[in-house]
Amino acid sequence: MRKPAILVTGANGEMGHGLIRALSQSGGQPIVGLDIQEADAGLKPALTESIIGNILDQNVLDSINSRYEISAIYHLAALLSTRAEFSPQIAHQVNVDGTLNLLSLAVDQARSHGRAVKFFFPSSIAVYGIPDGISKSEIGAISEDQYLFPQTMYGCNKRYCELLGVYHARHYQRLAADAGTFRVDFRAIRFPGLISAVTQPAGGTSDYASEMIHAAAEGRPYDCFVREETAMPFMTMPDAIRAITELMDAPADEVDQRIYNIRAFNPTAADLKRAVERHFPGAVVNFDVDPNRQAIVDSWPSDVDQSAAQRDWQWKPGDDFDSAFVRYLVPAIKAH
Ligand SMILES: NC(=O)c1ccc[n+]([C@@H]2O[C@H](COP(=O)([O-])OP(=O)(O)OC[C@H]3O[C@@H](n4cnc5c(N)ncnc54)[C@H](O)[C@@H]3O)[C@@H](O)[C@H]2O)c1
């Protein structure tokens, strides 16, 4: 007999660590983790099974399908933006084909157990692409449907997967109404840059914020790869995890927009440097701009409109820029 479970792909990543901890503390169904890397020892107690496998491997997914009755999929596995620019074809396979595989698994599951499968997809502000010559300050806080012209492979992948998710939700919702059998309840958040005190970032273009803070905490000098005046939205990882659980807990009829912007603060790189110098005396931060990574951040908005998330599932960030350092980053990094 198949065992009830929720599935988290990319379980061993930055977000997977926080999400699995939060899901296991909330005491819901057993959690199955899937990642191409072995889960860290600290993560394993929270998992009923930790599968080392590739989301592109149909045998792995068939095995999960045959052994578990899945009520929710948190599909976090991906190649992040900087890595995706180096290996665009592999990024397309992992980010797009992999997501389609997981959506198909959700359809198979809903069809076999006759209930909706909730599907969480972590999208990104990389889906936006502001063309040269358009002033970000004139645009202000960007809404979910403006400037959807991603300029990176990662951004293209994320935008297409948002559309695939909405397609699966709409298509199978219609069938569910006809036959009353199955449905994919797709929900996505477009995250800003995420800052974690616990894990070091790897391969994202917003990594300069986390890298600057972790380098200062470890007493290492840091060369920031974007210009001082560069601004983009950020939030802390605990806020991002809370947003995921709140969106997934919201009643289905209140989240029919399906794709939501959120953010907590949008400092410039110079603001980050000043905060780091204040909280870690002796920190050394220099600016050594990488033109490729700078161009990517330049195409992203400096702020996002999160009014739909506030309206539909009462989203509210827990930390502003100052309290993110005082309440979370500094104590958690020092304790870690
Ligand atoms: N961290 C951020 O700032 C940020 C911002 C916006 C969106 N996101 C999205 O959130 C999700 C999680 O991000 P993260 O920061 O935890 O990234 P991460 O790189 O830390 O984790 C991704 C995990 O996916 C796994 N993975 C990669 N390819 C795989 C494959 N083919 N099969 C199975 N597992 C595979 C990796 O081993 C890794 O553990 C990603 O989808 C990312 O695009 C992250």
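1. Overall size first. This is a predicted model, and its protein chain has 336 residues with a radius of gyration of 20 Å. A compact globule of that length would come out near 20 Å, so the chain agrees with what you'd expect for one. Along the principal axes, the C-alpha trace spans about 60 × 45 × 40 Å.

2. If you take the contacts with a separation of 6 or more, 76% of them come from residues 24 or more positions apart.

3. As for secondary structure, the protein chain has twelve helices and eleven strands.

4. The crossing of the two helices is right-handed.

5. Which residues in α7 and α9 meet? From α7 you have Y208, A209, M212, I213 and A216, and across from them in α9 are A269, L272, K273 and V276. Sorted by class, this contact has eight nonpolar residues, one charged and no polar ones. Lys counts as charged, so K273 in α9 is the charged residue here.

Technical notes: Residues numbered from 1 in each chain as written. Predicted model: local features only at pLDDT ≥ 70, side-chain atom pairs only at ≥ 80, totals over all residues. Left-handed = near helix turned anticlockwise from the far one by under 90°. Helix = DSSP H or I, 4+ residues; strand = E, 2+ residues; numbered from the N terminus. Contact = placed C-beta atoms within 7 Å. Rg over C-alpha atoms; globule rule 2.2 N^0.38 Å.
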